[in-house]
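Student: I am new to this structure and would like to go through its strands. Please show me the sequence and the model.

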Amino acid sequence: MTDTSTNDTTEPQASHPIGRRTVLIATGATAATLAVAAVPEAPTAPAADAAPAAAAAVCTLTREMTEGPYYLDGQLVRSDISEGKAGFPLKLTLTVVDDDTCVPLNKALVEIWHCDALGEYSGFVGDNGHNEPDNGTFLRGGVLTNSSGVASITSVYPGWYQGRCVHIHVKVHTNVTLTSDGSFTGGQELHTGQLFFNETITARVGALSPYSTNTVRRTTLSQDSIYDEGGAASGLLTLTALGSSPSTGYAGTLTLGVEQS
């Protein structure tokens, strides 16, 4: 996607340099053992009962990806970013570890943002051709990891916009300061990337309302200009159905390794 929102086939470079070494490890069953529901009133996910399984995992290198044009500073630290938006539930469990030691990072802020079912980003509504209320905060926010490196975030399954497959943007920050207005400031940004979705599942979701009302033609994973077919090493989530129908939603897990130095 270009710098403008009118041509979405290639995303622009992030405001921070891209190319710091990052890794993804132990998706699926390993990440699932670390999954713990976030406490709604607290910005930090609770600690897991068992010792972190990530420490024994084998690390795999992956690359960072562009920030894109839709990032907004100063978003809320919260475990639920859905704000009642129409769409199917998505329960994300993202585990952050040090890429050299595989040791989980405690109190790292995992921040995500993505479009709604109609492909519109808060703060930029109308860029994908649909009119709806825009408060500048829906489907944006983040949570601090617990002592097991786990960040649990509730959202909705994303839609799509012109030229891009279904995806979620993610940043990992350390040493942030929480502010009185529920946001954060300062710290060090360790990772900028994107999370991707299984194409078969996305096709099922996209055939149902409200996603089917998106008037923009959907770009598949294989057609996307950013995703490199690298599987989990490039941010492909492990998705598990929460029920018998796509409308009941999905759990998505992934372990992100970041370089701290």
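Student: How many bridges join strand β3 to β6?

Tutor: This is a predicted model, in which local features need pLDDT of at least 70, side-chain atom pairs count only at pLDDT 80 or more, and totals for chains, interfaces and linings use all residues. Residues are numbered from 1 along each chain as its sequence is written, and side-chain values use heavy atoms, without hydrogens and water. Strands are DSSP runs of E, at least two residues long, numbered from the N terminus, and two of them pair if DSSP finds at least two bridges between them. Strand β3 (residues 89–98) runs antiparallel to β6, and the number of bridges joining them is 7.

Student: Which residue of β6 stands opposite Leu94?

Tutor: Strand β6 covers residues 150–156. In β6, the residue opposite Leu94 is Ala151.

Student: How many residues of β6 are buried?

Tutor: Buried means under 20% relative accessible area, with a 1.4 Å probe and protein chains only. One side of β6 has Val150, Ser152, Thr154 and Val156, the other has Ala151, Ile153 and Ser155, and all are buried. The count is 7 of 7.

Student: Which strands stand at the edges of the open sheet?

Tutor: The open sheet has 4 strands in the order β5-β4-β7-β10, with antiparallel pairing. Two of these strands each have a single partner, so one side of each is left without a neighbour in the sheet. They are β5 (140–144) and β10 (188–196).

Student: Which residue of β5 stands opposite Ile112?

Tutor: Strand β4 (residues 109–113) pairs with β5 in the antiparallel sense over 5 bridges. Opposite Ile112, β5 has Gly141.

Terms used: Buried means under 20% relative accessible area, exposed over 50%, partly exposed in between (1.4 Å probe, protein chains only).
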